[in-house]
Number of protein chains: 2
Amino acid sequence: MGMYCFGIDVGGTTVKCGLFKIDGTLVEKWEITTHSENSGERILPDVAQAILDKCQTTGIPLNQVSGVGVGVPGPVKADGTLDCAVNLHWGYKNIVKELEDILHVPVKAANDANVAALGEMWKGGGTGANNMIMVTLGTGVGGGIIVDGKIVAGSHGAGGEIGHAHVEDNMVEPCNCGNRGCLEQFASATGIARMAREELNASQEPSLLRQGNVSAKTVFDAYKEKDDLATRVVERFGNYLGTALACFSVVVDPDVIVLGGGVSRAGDVLIDCVGKYYREDAFQGCKDTQLVLARLGNDAGIYGAAKLIVS
Amino acid sequence: MGMYCFGIDVGGTTVKCGLFKIDGTLVEKWEITTHSENSGERILPDVAQAILDKCQTTGIPLNQVSGVGVGVPGPVKADGTLDCAVNLHWGYKNIVKELEDILHVPVKAANDANVAALGEMWKGGGTGANNMIMVTLGTGVGGGIIVDGKIVAGSHGAGGEIGHAHVEDNMVEPCNCGNRGCLEQFASATGIARMAREELNASQEPSLLRQGNVSAKTVFDAYKEKDDLATRVVERFGNYLGTALACFSVVVDPDVIVLGGGVSRAGDVLIDCVGKYYREDAFQGCKDTQLVLARLGNDAGIYGAAKLIVS
């Protein structure tokens, strides 16, 4: 087994790349542009070239590379194929085969949110855990489930798609997925801002949020200032998310629940608020399960992708 | 590896025992009484004696026994210990060690609902699946989650305790677990009967259910006769259960969802009703996941316990 591995996190605009030692030490990280034109046909060849270039400049021969792990924004199945990745303009793609044919080292691929969860378990907020739920609160709500140290990819690559759990019967607007009342519509940055705008429009109640733009960040900032309107929005968010996490925890009963994504920059108040509702609804055996903040930020994907290789 | 194994399903009143060939053929099944007096100290020695007796009467030497799998009504952890099993009057118990010390063959133990799920995957409604959710609709609501062919025991032995997912904010009565609004309060036989009694008390509306005792069975019988009141109760049940299953399916994305327990004797109408609400709320990738009836009835536990040994 080689001393090194690569962790690759393919996003819609950039590909994050990491060269790691197999003990998880990050040697070097960098980014390349995602060329999604022409059905994204250049994306994987560009990744392969970036790896070959890095091997050359660092003087690491390919036979010292244990493998390449890749996280992709789409429903990657356990065999490393997917049928569609909208953000990359991909239809069916055999990620593993395409990269192995160029690189001749072992390749593994998985969904990017699942890979980020694996990264947080390896070197981040979930270090030491073996069973974990990670929820990523960004523009949308992503998730990753780890059972017995391994990603739960699911039968259709939909394992950990917890942003699309149904949490509200009375939602009129559709979610991006086509359903109505998904967790993502209330627990994402977008959802928090929408709930705040709804509150602002519903009355003339004074609020710090009337002073500038309304975003998840300004809502949490106002919450920290004990703004009444912002407090109602954050409590509503916390109730949806805490209750949903309590439901997920009776499914897999994790060691730890990790909260990441842009919204998690709100910090400990996020943990306190979501944790309060989580414990209200969690099954006895799971009530003490810790909620913690993610620690790797945007690097979670490259760490987790590398971990695909060394696990 | 021996040709035979035992599958043992320990219940509060009887212990179901099965002698199997390791290919899953049931050779013989029988029951012994569960002696739960004196903190249930006789239960495991009785099980061991039953196995030794069966080996003697069948002429199967212990060295032809690959092992003994045991399902227990309590939160069994991955190492085969549990801290408490109320129905057996057990406190802490190391099931594996206690039986191995007597029998000198490998022993594995797991939660009874999880073991039943494993049985249904091996030889029942989920045959051929590798990822499965099973829900057991009886006096309570139990569950078992299988990921990649293995039981998800969870960090506190609470994996698959899906009866205690929170599904209703407006429930006043407490669940047996102490929380309010658990799935079990609406999707169990007890919950269905309670919802029917509430409907009957709320008006003078004529209903077949006014003619005799009200139970999950009579509710489903009246539903099949297109009784309006029973239809409302069954639809409500189906909505709670279907929505909850859709939430669980974004966590583990199973190949198949198996419905068992006494309520599942209602048959195909159960699948149709629950499936309708499931598909309404399920994430796109999971909408076509099949819901099927359990097939092994009360034998699921002994099959699954045996499978612990041969997996």
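Student: In E4(B), which residue is the bridge partner of Phe6(B)?

Tutor: This is a predicted model, in which local features need pLDDT of at least 70 and side-chain atom pairs count only at pLDDT 80 or more, while totals for chains, interfaces and linings use all residues. Residues are numbered from 1 along each chain as its sequence is written, and chains are lettered from A and ligands numbered from 1 in the order in which they are written. Strand E1 of chain B and strand E4 (residues 65–72) of chain B pair in the parallel sense over five bridges; pairing requires that DSSP find at least two bridges between two strands, and strands (E, at least two residues) and helices (H or I, at least four) are DSSP runs numbered from the N terminus. In E4(B), Phe6(B) has as its bridge partner Val68(B).

Student: How many residues of strand E1 of chain B are buried?

Tutor: A residue counts as buried if 20 or more other C-beta atoms lie within 10 Å of its own, as exposed if 12 or fewer do, and as partly exposed in between, with C-beta atoms placed from the backbone. Tyr4(B), Phe6(B), Ile8(B) and Val10(B) point one way from E1(B), Cys5(B), Gly7(B) and Asp9(B) point the other way, and all are buried. Strand E1 (residues 4–10) of chain B is largely enclosed by the rest of the structure, because the buried residues number seven of the seven.

Student: What is the strand order of the open sheet of five strands in chain A?

Tutor: Strand E8 (residues 132–137) of chain A pairs with strand E9 (residues 141–147) of chain A in the antiparallel sense over six bridges, and Thr136(A) stands opposite Gly142(A) in E9(A). The pairing in the sheet is mixed, and the order in chain A is E10-E9-E8-E11-E12.

Student: Within what arc do the buried residues of H7(A) fall?

Tutor: Helix H7 (residues 216–224) of chain A has the buried residues Ala216(A), Val219(A), Phe220(A), Ala222(A) and Tyr223(A). They line one face of the helix, because, seen down the axis of H7(A), they fall within an arc (of the directions from the helix axis to the C-beta atoms) of 160°.

Student: Which element gives the most to the side of domain 1 of chain A that touches domain 2 of chain A?

Tutor: The domain assignment, automatic or from a database, gives chain A domain 1 (4–119 + 299–310) and domain 2 (129–294). In this chain, 13 residues of domain 1 are in contact with 16 residues of domain 2, contact meaning that C-beta atoms, placed from the backbone, lie within 7 Å. Strand E7 (107–111) and helix H4 (112–123) of chain A each supply at least two residues of the domain 1 side. The element that gives the most, with five residues, is H4(A).

Student: Which element gives the most to the side of chain B that touches chain A?

Tutor: The contact takes 34 residues from chain B and 34 residues from chain A. On the side of chain B, the elements that give two or more residues are strand E9 (141–147) and helix H8 (228–252) of chain B. With seven residues, the element that gives the most is H8(B).

Definitions and conventions: Two residues are in contact if their C-beta atoms, placed from the backbone, lie within 7 Å.
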